[in-house]
Amino acid sequence: MVKAIVGACWGDEGKGKITDMLAADADIVIRFQGGSNAGHTIINDYGKFALHQMPSGIFNPNTVNIIGTGVAFNVPYFVKELNYLKENGLENPKVLISDRVQLMMPYHIAFDTYEEARLSDKQFGSTKSGIAPFYSDKYAKTGIQICDLFHEDVLKERITAACEVKNVLLEHLYHKPLLDAEAIYEEVLSYRDLVAPFVVNTVEYLNKALKEGKTILLEGQLGALKDPDHGIFPMTTSSSTLAGFAAVGAGIPPHSIEKVYTVAKAYSSAVGGGAFVSEIFGDEAQELRVRGGDAGEFGATTGRPRRMGWFDCVATRYGCMLQGTTDVAFTAIDVLSYLDEIPVCVGYEMDGVVTKEFPVTPLLEKAKPVYEVLPGWKTNIRGITKYEDLPENARKYVEFIEKEIGYPITIVSNGPKRNEIIYR
Ligand code: GDP
């Protein structure tokens, strides 16, 4: 049984918690895309953890955690995270790394910073983790695979070739110090012993696991609107955030994915630039941001205050459609308990016409939200574990949104802890 857990919109929907929960009975958890640019926050018996690169099944002693081929793999970060987990009582975390995963190189991070500085006020709001330069190199075929570490001649040749091109840009475009291929080679070669115990042919491993009927979880980062093909391009990320890509980034057959859990938060928040139709501002936004404090509305990796908004049915319906959703996990509904009335964006108005279809970027910039206002419930709903025990207006909120987006909400999360969950 293979399940994917992915985001409906901009990310930070609470995928970490849902993954941690579902990982409890998963044999294998796989990261299939992205890098250390986004974080999951997980609260469990070991404490509160911000995971950046490690799959969320890492806390479960029976789960094997895999860094899939589609990931932008940052070795120093991986080692740091592994040590951090060990220091916090996790004795023997089980991790495997795909032998074909590509390496985040020191120059990717430098180029990310240089490019954002060059773009100045037109910058993308990158986390400067090197993600865009990394994936650019992968598709330009100048990336470095982890297996190259075990073939020194190949490694040296590939780094030298990459540096040749990069040095032209450094000299003439960015006016920065040039790269020394030899020094980079030495630095990267030092990664070899650190990763060697974990590197395997994960495709063969997973093929065998599938035959044995193991339970496998595919763990996405960010959300559908950040997908470079279908999202709010160019304010997207650089690898696909869709469940469809999970098969590629993990290395399993597409038809093996039986369940797609799309995580959607009960209100909206986003980091970085780009159109955000149901965005709210000022005191109204600040109140929601502070109330969502538990929901980490200051960015797990970046610490930046997030942009806030009301729930967006247009964006979420589109995101769920792209993901191929079988189940929606609806999170952080507890955060809304202070509101008398809750606006929900049910349409976009562009040039006097209202639509429920998510538009292309140039039109999205012009879209104005059309709201329907629902009554609040004004009572603490944390600790409730049965759907029927939620106040009527909270249930109405869930059911209204379920109808608008057209996908079944089968999980409702009413607090950051693992047991603060309602199955419908
Ligand atoms: P991800 O980027 O989708 O993985 O988002 P995270 O897993 O980092 O979740 C963002 C924040 O939401 C974290 O601080 C979680 O602890 C918190 N969170 C998750 N579910 C809930 C919930 O139902 N209620 C509240 N209040 N916080 C939640």
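**Close-up 1. Contacts around S278.** In this predicted model, S278 touches S268, M308, G309, W310, D312, C345, P369 and Y371, leaving aside residues up to four places away in sequence, where contact means heavy atoms within 4.5 Å. S278 is buried, with a relative accessible area of 0% (buried is under 20%, exposed over 50%, and partly exposed in between, with a 1.4 Å probe and protein chains only). A polar atom of the S278 side chain lies 2.7 Å from the backbone oxygen of W310.

Close-up 2. The structure holds zero disulfides, a disulfide being a pair of cysteine sulfur atoms within 2.5 Å. For C9, which is in no disulfide, the nearest cysteine sulfur belongs to C320 and is 7.4 Å away; C9 counts as buried at 8% relative accessibility. C147 is also in no disulfide, with the sulfur of C163 as the nearest cysteine sulfur at 18 Å, and C147 is partly exposed, with a relative accessible area of 23%.

**Close-up 3. Backbone geometry.** Most residues other than glycine have a negative phi, and most peptide bonds are trans. The peptide bond from F233 to P234, however, is cis, with omega near 5°. K141, although not a glycine, has a positive phi of about 65°, and K141 is exposed, with a relative accessible area of 66%. K378 is not a glycine either, yet has a positive phi of about 50°.

**Notes.** Residues are numbered from 1 along each chain as its sequence is written, and side-chain values use heavy atoms, with hydrogens and water left out. Because this is a predicted model, local features need pLDDT of at least 70 and side-chain atom pairs count only at pLDDT 80 or more, whereas totals for chains, interfaces and linings use all residues.

Methods
A polar contact is a pair of N or O atoms within 3.5 Å; within protein, one must be able to donate a hydrogen and the other to accept it, and residues adjacent in sequence count only if both atoms are side-chain atoms.
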